Amino acid sequence: LFCCVMTTHDGVFCLGQKAASEDEEEYGDNQQKELALEASSSIYSLKEPLLLKCNPNDSEIGGKEAGEANNENVQNDSNNTQSKNIPLILTYTFIIFAGRSMWSQSVLSAMVYLLRNNNPESVGFLTSIMGVSQLVASLPSGVLADMHRRDYMLKVGSLVGTTAFVVTVYASFSEIFGALGVSLALWGVFYGITNTSISALFADSISEGERSYYFTQRMMLTKLGCTAGPTASLVMFAILGDDWTMKDCAIVMTFGQVICLFGILILCFLRDEYIVEHNESMALEVERTEAIVSITEENEVQQSCDHDTEPRESQKSLLCLPQHRAVPVLTVISDVLAGCAAGMSTRYYTIFFIDNLQLSPSIVSLLYILSPLGQMVMHKIAYISGRKVGRCQIVVIFKWIGTSFMICMILAYKHHLHVSIVCILYLLRTSFANATSNLTKSIIMDSVPRNERGKWSALESVNMFSWSGSAALGGLLVSSKGILFIFYVTAALQLVATLPLIVLFERVKD
C-alpha cells in the first residue's frame, strides 16, 4: 500500500509539472487517468506488484521492499512445488499392487480351489473373511485419520502388514486352511487401515483442479503393477513346470509377499507435513476477490440473483439428500453396487479358466497381464474423454460397453466358439468395466471437505465388503446354478449401478 501511494504521488507530481504547461494540458489529464487506473489495478494484483515497476535504485526503502517482494515470489514458487507424498504414494501403489496381483489375483483362488478339493464355495468364503476384516478396520481408521495424524495410522498399518506377511508365508507352505484364513484377515486389516489414510493423504497432497490427473496416474500405476505381478507369475510357473500344484502356488505366493514387504516399508516415510496447506486459503482469496469485484456491480448481481431465485430453490435437495451431499452419496452408492457386481464373479474367472476353458497357468497369467494393460489405455481415454464430455457420462458409457462385452463372452462360450475369442471378449470387458474408478474417486474427493476425506475414503472398504460378500454369495450360486449364472447376474447389477450416476449428469462439474 505504501509503494502504491508513493508511486501514485510521483505520478501526480509529474502530472503537476506537465499541467503547468498550457500546450499539454489535455495530454496531462489523459496521463493522470492512466496512472490512476494502473495504481488501482495494482492494489488487487498479487502477481505483479507496482513496486516492481519502480527503479530499486531510487531509494534505500525501495530496494529493501523490492528484495522482500522477490523473496515472496520465491516462497510462492516453492509452495507450488509437488508434495513429497505424491511420488512416495505412487511408488507404493505400484509395488503393493505388483505383489498383491502376484499372490492374490489368480494364484490364491487356484490354491484354495486345490486345497479344498475343487470346492468353489471355499474361494468365496476366504474372500469374505478379508472383506469383513477390512470393513471392521477401515471405519474406525477413517475417523482416527481425520482426528489425528494420518502418518501415524500408516505406521500402524505397516506393522500389521508385516505380521500378515509372516503368517501368509507360513500358511502357504504348511497348507493349513485355517492359517490361510487368519493371514487373509490380517491383510484385510492392513488394507482397511492403510487405504483410508493413504487415500485422504494423497488427496490432501494435491492442489485443487489436479486430482483427476493424479488419481488417473495412480490408477494407471495400479494397473501397471497388476501387469507386473502376473508377468512374474508367468515366468515362475514356466520354470516350475506350468502346472497347477500346491507347491508351485505356494512358491509364487511367497515371492509376491516379498514384493509387498517393500511397499509396506514405504509407508514409514509418508508425512502429514508434506500436504498442500494453501489450497483452501487460495479458494478463500478467490472468493474475497470476487466479493470485491461484485461491490462495483451490485445492481447487476442483484438483478441476476432475482432472476435465478426459483432455479436455485429447486436445487436444494435431490432424492431427499442435501445438495452438498447428493453428489458424493450417489457416487458411493454407484461404486458399492458396481463392487457387488464385480465381486460376484471376479474370484471365479480363474475357476472358469481352469475348469471350463482348460487353460494352463501360463495362459491364465498372460490374460492377467493383458487385462491391466488394456485397462491402462482405457483409463487414459476415460480421463481425456471425461474432461470433454463429463466424468459421470464417461463412467456410464464405459460400464455399458463393458457389460455388452460380458454378454458377448457368455454367448461365445455357450455357442462353442474358439477359446481365443472368449478370452478376447473377456479382455475387452475388463478393460472397459474397470477403467473408471479414478473418475468416481475424483468426483467424491472434489465434493467433500478436506476434514472429511478420511471418512469418505473409509467408505471404499464398504465397497470392498460388498465385493467380498457378493463373492461368498457367488460361491453358493456357482454350486447351485453354475458359473455362467453369476456372470449374468454381474452384468445386470453393473447396469443398475449406473443409474445413480445418470441422475448426476447435470450436477457434477468437470
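Trainee: At what relative accessibility does D151 count as buried?

Mentor: The structure is a predicted model, in which local features need pLDDT of at least 70 and side-chain atom pairs count only at pLDDT 80 or more, while totals for chains, interfaces and linings use all residues. Residues are numbered from 1 along each chain as its sequence is written, and side-chain values use heavy atoms, without hydrogens and water. Buried means under 20% relative accessible area, exposed over 50% and partly exposed in between (1.4 Å probe, protein chains only). D151 counts as buried at a relative accessibility of 1%.

Trainee: Which residue forms a salt bridge with D151?

Mentor: A salt bridge is a side-chain nitrogen of Lys or Arg within 4 Å of a carboxyl oxygen of Asp or Glu. For D151, the closest N and O atoms of the pair are 2.6 Å apart, and the partner is R149.

Trainee: How many residues apart are R149 and E273?

Mentor: The side chains of R149 and E273 also meet in a salt bridge, at 2.8 Å from N to O. R149 is in the loop between α6 (120-147) and α7 (150-174), and E273 is in the loop between α10 (246-266) and α11 (278-296). Helices (H or I, at least four residues) and strands (E, at least two) are DSSP runs, numbered from the N terminus. This pair links distant parts of the chain, with a separation of 124 residues.

Trainee: Which helix holds R150, the salt-bridge partner of D204?

Mentor: The closest N and O atoms of D204 and R150 are 2.0 Å apart. D204 lies in helix α8 (residues 177-204), so the pair ties together parts 54 residues apart in sequence, R150 being in helix α7.
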